[in-house]
Amino acid sequence: VTRALRIITRQDKPNGGKELHDHIRALVCQVLANALRHGNCAAFQLDDSKSNAVDVQNQIRALVLDGYFFGDVKVIFQRMLPVHKLDCNLMLCCSAVALLFLIRFTQTKTLRNLILSGVFFGITMYSYALSYFLIPIFLICISLYLLYTKEISFRRVLLWAACVCITALPVILFVCSLLFHWETIHFLGLTISPIASERMSDVGVTSFWENIKDIIKITLTCGSYRLDAVPKFYTLYPLSIPFIVLGFIGAVYSFLVSLYKRTFQADSIYLLFFLSGLITIGLSGSGYVYRANSFFICYLFFLIKGLFLCCRFLSSYHTGFMLLLSAGYLLWCISFCSFYFRVYTMTDVCPNYLYSISFRECVDDVNLNLDYANLYVDLVNMKEFFFFYYPASPYDTQDEETFTDGIHTYHFLTDYSTKISPSSVYVVYKKNNEFLQNLSGSGLAYQTWEYPYYYVIYFE
């Protein structure tokens with residue numbers, strides 16, 4: 001933000017595109033920032049011949065790509081660097097890189113960028129199951145658009161598709177095994193089996209529009225899942241939302257104009273990618289932000305475009321506008337940091353405590369000292385934490401609620417509805433008042449081992 005303010009007030013140009021490098025030292029953040037910065041800034045094709053157009057563009061780049069990453073950077077870290085599973089969150093990074101090379105291809109027409117784009121779109125299909133729908137839908141739409149605007153030849157479209165298919169061949173075989181119920185395939189040392197085939201039942205059109213409205217709402221504000229976002233701060237700071245909406249409207253207008261004039265507009269790449277994501281969510285449904293994490297590269301683009309449109313409209317007052325906006329992002333950033341470190345503690349907010357408090361000692365002691373049929377571990381039904389400490393074959397972990405190792409049966413939810421049985425043992429978080437009250441009212445005599453954050457409860 002300081003860098004952005006200095007650029008705005010001095011009216012100088014960014015120093016060789018290194019605005020982020022002076023501030024962000026972490027390697028991962030640098031890689032992400034570079035990909036988003038170059039990919040999004042390259043998409044702007046200014047057609048304003050006014051003398052201040054370049055200045056406005058430079059100021060927007062400085063503000064958004066420094067201020068946004070310091071202000072709304074929380075959403076990037078939430079989507080990219082979580083500690084709860086990496087699968088879905090990798091889709092944002094992989095798709096951002098793929099879009100970057102696609103943008104570069106439209107600028108340079110070089111075969112290398114086209115091939116790299118295809119390779120990274122193929123890699124994206126390994127990142128999350130929803131990409132099985134999103135990537136094909138997007139590639140079909142953008143290919144038709146590029147052919148219509150004569151930005152690419154049909155031969156190159158075929159080459160591009162071949163790059164995607166070759167890179168994603170194991171994934172394609174896996175999807176085919178789900179759709180056609182194939183037997184297990186052994187391919188290049190990989191075992192491809194139609195596990196989790198019941199997930200195909202999630203796909204449908206009955207709630208298409210409701211799913212779309214829901215995902216737009218929770219990605220711009222917040223849902224019920226506190227690991228994604230919380231009220232007041234949302235997934236994106238509320239300050240960004242009107243500019244994102246304005247940028248989306250501007251992108252739709254540019255797309256329609258490009259269709260009418262049959263000329264290419266880089267805005268269309270992000271717009272079509274966003275619409276492909278909406279179609280995917282509409283077909284599959286989602287009540288969680290993390291399933292739509294690929295939206296946020298598009299939201300970033302819409303934000304930049306919305307800011308550019310505002311600055312062009314307020315051409316006589318754009319310096320004051322940018323200063324005011326920078327101050328707003330700075331205040332939101334300070335407020336969020338204060339909330340995160342002083343209120344949103346890792347040990348008090350369920351299920352955040354699972355990240356920092358291990359239950360392994362409790363389970364090990366139970367296995368060593370007690371005989372039991374069922375063990376209930378208080379993991380709020382997030383069984384991934386259990387398998388982090390006790391790895392098991394994915395073929396044996398298909399049941400969403402229980403896991404059996406041949407001797408014991410493990411359950412991963414402990415609440416007021418949990419059945420209390422003398423043949424079971426319970427590893428319960430100390431602040432799980434629902435279960436503890438239910439246990440007290442059961443009338444059963446029980447024994448307790450106390451740990452720093454858990455109780456082990458068993459019956460003699």
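How many helices and strands are there in the protein? There are 18 helices and eight strands, where helices (H or I, at least four residues) and strands (E, at least two) are DSSP runs numbered from the N terminus.

## Basis of the model

This is a predicted model, in which local features need pLDDT of at least 70 and side-chain atom pairs count only at pLDDT 80 or more, while totals for chains, interfaces and linings use all residues. Residues are numbered from 1 along each chain as its sequence is written, and side-chain values use heavy atoms, with hydrogens and water left out.

## Overall fold

Of the 460 residues in the protein, 51% are buried (under 20% relative accessible area, with exposed over 50% and partly exposed in between; 1.4 Å probe, protein chains only). Among contacts (heavy atoms within 4.5 Å) with a separation of 6 or more, 68% join residues 24 or more positions apart.

## Helix α9

Helix α9 comprises 12 residues, 169–180, and should span 16 Å at 1.5 Å a residue; its end C-alpha atoms are 16 Å apart, which agrees. The expected span is 1.5 Å times one less than the number of residues.

Buried residues of α9 include Pro170, Leu173, Phe174 and Cys176. The buried residues of this helix pack against α7 (131–148), α8 (154–167), β1 (185–187) and β2 (190–192). Just after α9, His181 adopts a positive phi of about 55 degrees.

## Cysteines

With a disulfide defined as a pair of cysteine sulfur atoms within 2.5 Å, the count is zero. Cys165 is in no disulfide, and the nearest cysteine sulfur, that of Cys163, lies 9.4 Å away. Cys165 counts as partly exposed because its relative accessibility is 39%, whereas Cys222, at 16%, counts as buried.
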